[in-house]
Amino acid sequence: MEKLKIGVIPHTHWDREWYFTSSKSFIYSLHDFDEIIGYLEQNKEFKCFIFDGQTSIIEDYVSARPDMEARIKKLVKDNRMIIGPWYTQPDTLVVSGESLIRNLLYGIHYAEKLGKYMKVGYLPDSFGMNEQMPQIYKGFGFDYAAFRRGISDRLVKNREFYWTSPNGDEVFVHNIYAYGSFGYPPENPDELKKYIIDIVDKLKEKYRTGLILLFNGEDQKPIRKDLPQILQTARKILPNMDFEIMSLEEGLMEIKKSGVDFERYQGEFTFGQYSRTHKSIFSTRADLKIMNNRIENYIQNIAEPVSSLAYTLGFKYEEKVFEKIWKLMLLNSAHDSIGMCNSDETNKYVEYRFIEAKNLLFSLTELKMREISTRIPVKDNFQFQVYNLLPYKRGGIIETELFLPFDEVEIYDEEGNIYEPQIIDIKNVTGSLLKSSIKEIGVDNDSDTSWHKEIENIFDAKILIDIEELQPFSYKTLYIRKKEESHMLPIENNNYIENEYFLISIDDKGIINIYDKKRQINYKDAIYFEDDGDEGDSYDYSEPAHNVYLRDINVINVDKIINTLKSTLYITVDMPLPYNLKERVQGKNTVNNNITLELSLIKNNSNIGIDVTVLNRAVEHRLRIIANTDICAKYSYADEQFGTIKRKTYLKEVESWKEEKWDEKPRTIEPMQSFVSITDENLTVQVVTDGVREYQIVGEKFNKIAMTVLRSIPYLGKENLNDRPGRASGMKAQTFDSRLINKKINAKYFISCYDKYCDYELAKNAKEILTPIICYQGSQFKNNATYFVITNPKDKRLPLDYSALEIRGDVILSTVKKAEQKENLVVRFYNPDRLRSKKSVIIGKTENFYESTLDEKIISKLDQGKIEIGTCEAKSIIYSPENNNK
């Protein structure tokens, strides 16, 4: 019989921040990484060492040790120092697919600069795996993956298997029992023998190939210098075993070639049978989670497409600025950072990075639209451009701010088509704005201008505009002229609003009813808030032993504003709540959460808009908004990275998890990217979120969609929770900021109904909601210190209307961006449909399209712009735009 082989993988799992700040981690990394590099150089028998599969910590280190870069390159070249492929160790369930791709792109680029990277999807501590990871890994040419959390016996029986995404892409996986499984081997021979035998006995039934991989390392641990000597001792005391230091990639290759008939699995890994996945961490620090989600959406849906459209016109694409923005976001997407299961001080670092990323994004996008506007011929001092950043024709009601020459206006285009406006709010700013702009004349290279003589008034207005149709991935120039008719907005007392699809009313007790005009169905008590106790911590919601669910509210005020384009109910309520869990058990309600709720209906739009702002005054609780339906759902359908996933609404494992000694309770609290839905043969109800990405299907008949608004918890970690027995996760420490006391949390939701379920239609609706038609007004009177002064170019040859790209086919645009370090553009889209295996897509507006991998390597040229796309599959297309403004 062949010897059992033990492959020992030396590593450090270096959390860049956690209960400690990134500053402290950085300082200690200088000491530890100096030691690791020096020791590897001096001791050739120490074969290799993994730097946690992420390059951000090395980038930080080299910034303070530039003289060490050459030494690192030598070790990397010799396969002694194993680096990459990630930039940071990300969460894979709550961040976007684009975030995961950029994480690998930037991680690989930096690793290649240092020599090479580990071609393994290595995530030793991330809190579960989304089912699209094999597709993402294959898009970067990986054949292997390794992760720890999310496994259960119901999914796979053994720890090594093939894992497949819905589109068929497959990687070979090693499930890490623990990344410290060989972390503390004793030096004493007798103790070492027992230590190894205990580990092997525990693992040999799960790893069946004759090679067991054990990990020597732990969180923020230095190199174990005596490891070669310990393994030499192990060979003597256990001659029936062979011990070898090896790299993870080397071990996986050997295991895969063993000839064992490995299992195959397709799906996500979110169960906590053997390790905690913290499945309700998606709502920790709702304030910061919402910042992440909105910034991610803005980068992918607005900022990159706007810069790409400008690039097709010859303007500079700020590649390095986007890299800076993405790296700020990627530092925050690391599993602890995005989990916000950190100290308060660390979460302040996280918040600052979000603020910086947001400010850079908004300023860059404004500048690109301003550059475009300055090159368009001026026919109207108040003209503006509207942008459709999706690759097909679309229209809709946009809500924006514009400067107007009159207090009653008409909006029209070059062909004379009129676009109905409604002014919501307006004020005269002529004096302040005109004066500050006139003094800049001549400074901006436009001394012979006459615009200041033609303007009598400037009104700052919040306005609605009905845009009937815009061309694919385009801008269109619109003009403003005076209209004599008055459009005063009526404010009425009756508590209902309506459009072509719905009538929504609220009674004196705060009960909201929705009448579906198309289906002639009245949904009573259709939307409400529900609050319950939370004994958990920053990692997990945990239901207290004596939980009390509350939903009573006191209606303070109801107003409404209606016009021909949009009608809104403005509702203010107080929700009496117990201050903490002790008061909840006692039945005391000593505080009030103030909630403002805006319910909106828009002309020709089937979405019910819900805008919630909560002023939180309670702790140890969870607040959710409930969409109450008549559907009895066995499954929920939500979007994930580049696809849609079907999940059970009830898990039988919940009945036996304690007896089976699971690490945590199996739960149907689920992640999403933008929408969730439930369906039956007559109706589908969808909820789109612009808030926390967490939902659960609840109710006795599983007929209610519960969207988490916020959780208030006072501890980083706690022990012996009802839903998570045993030790505390992280560490037990108070986190005052995670209580969200006196914090205002704003979340937006959209509810829509369909006659039947269709992945594409639901994904398209969510994408359009999160990619609104936007506009920019680049008028010369804005060229002042408030907006920054830029040179007004004499050459104004850009078209009044312009369309750069079109995609025909039922796919969802992920983003349009410039290729890394190339002059091409990358267009990425995906098929959200789990039912139809193949779709045909045609890309138009230009020629010479090439399919590429996710790491932007060309595969082949497209024939007449046609490409096939599979189930829940993402495709990347590269092309060179014809710059019209060079």
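Which residue lies over the face of Y274, and at what distance from the ring centre? I looked this up first. R159 does, at 4.7 Å from the ring centre. My criterion for a charge over a ring was NZ of Lys or CZ of Arg within 6 Å of the ring centre and within 35 degrees of the ring normal. I noted R622 too: R622 lies over the face of Y541, 3.7 Å from the ring centre.

**Ground rules**

I am working on a predicted model, where local features need pLDDT of at least 70, side-chain atom pairs count only at pLDDT 80 or more, and totals for chains, interfaces and linings use all residues. Residues are numbered from 1 along each chain as its sequence is written, and side-chain values use heavy atoms, with hydrogens and water left out.

**Aromatic pairs**

I searched the whole structure and got 36 aromatic pairs. Rings of Phe, Tyr and Trp (its six-membered ring) pair if their centres lie within 6.5 Å; planes under 30 degrees apart count as stacked, over 60 as edge-to-face and the rest as tilted. I opened the pair Y637 and Y757. Their centres are 4.6 Å apart and the planes make 40°, so by the definition the pair is tilted. Y637 sits in strand β27 (residues 635–640), and Y757 sits in the loop between β34 (744–754) and α16 (759–770). The pair therefore ties together parts that are 120 residues apart in sequence.

Are Y637 and Y757 buried or exposed? Both are buried. Buried means under 20% relative accessible area, exposed over 50%, partly exposed in between (1.4 Å probe, protein chains only).

I also logged one aromatic cluster, formed by W14, F33, F49, F51 and Y61.

**Salt bridges**

The whole-structure search returned 70 salt bridges. The criterion is a side-chain nitrogen of Lys or Arg within 4 Å of a carboxyl oxygen of Asp or Glu. I checked E59 with K327: the closest N and O atoms are 2.9 Å apart. E59 belongs to helix α2 (residues 56–64) and K327 to helix α10 (residues 319–333), so this bridge ties together parts that are 268 residues apart in sequence. K327 is buried, at 13% relative accessible area.

Next came R519. R519 forms a salt bridge with D516, with closest N and O atoms 2.7 Å apart. R519 also meets D755 in a salt bridge, 3.0 Å from N to O. D755 lies in the loop between β34 and α16, and R519 in the loop between β20 (512–516) and β21, so the D755 pair ties together parts that are 236 residues apart in sequence. R519 is buried, with a relative accessible area of 19%. D516 is buried. D755 is partly exposed, at 38%.

I recorded a network of salt bridges as well: D537, D540, E664, R667, D723 and R724 are linked in it.

**Strands**

I traced an open sheet of eight strands, in the order β18-β19-β20-β21-β26-β33-β32-β29, with antiparallel pairing. Its edge strands are β18 (496–498) and β29 (670–671), each of which pairs on one side only. Two strands pair if DSSP finds at least two bridges between them. Within this order I looked at β21 (residues 521–533) and β26 (residues 621–628), which run antiparallel and are joined by seven bridges. G533 stands opposite H621 in β26.

Then I turned to β25 (residues 608–615). Seven of its eight residues are buried, so β25 is largely enclosed by the rest of the structure. β25 pairs with β24 (residues 591–602) in the antiparallel sense, over seven bridges. There N594 stands opposite L615. The hairpin of β24 and β25 has five residues between the strands, and N604 takes a positive phi near 55° in it. β25 also pairs with β34, antiparallel, over eight bridges. V612 faces A747 in β34 as its opposite residue.

**Helix α16**

How many of the 12 residues of α16 are buried? Nine are, so α16 is largely enclosed by the rest of the structure. Among them are D759, Y760 and L762. From first C-alpha to last, α16 reaches 17 Å, close to the 16 Å expected at 1.5 Å a residue. The expected span is 1.5 Å times one less than the number of residues.

Technical notes:
Helices (H or I, at least four residues) and strands (E, at least two) are DSSP runs, numbered from the N terminus.
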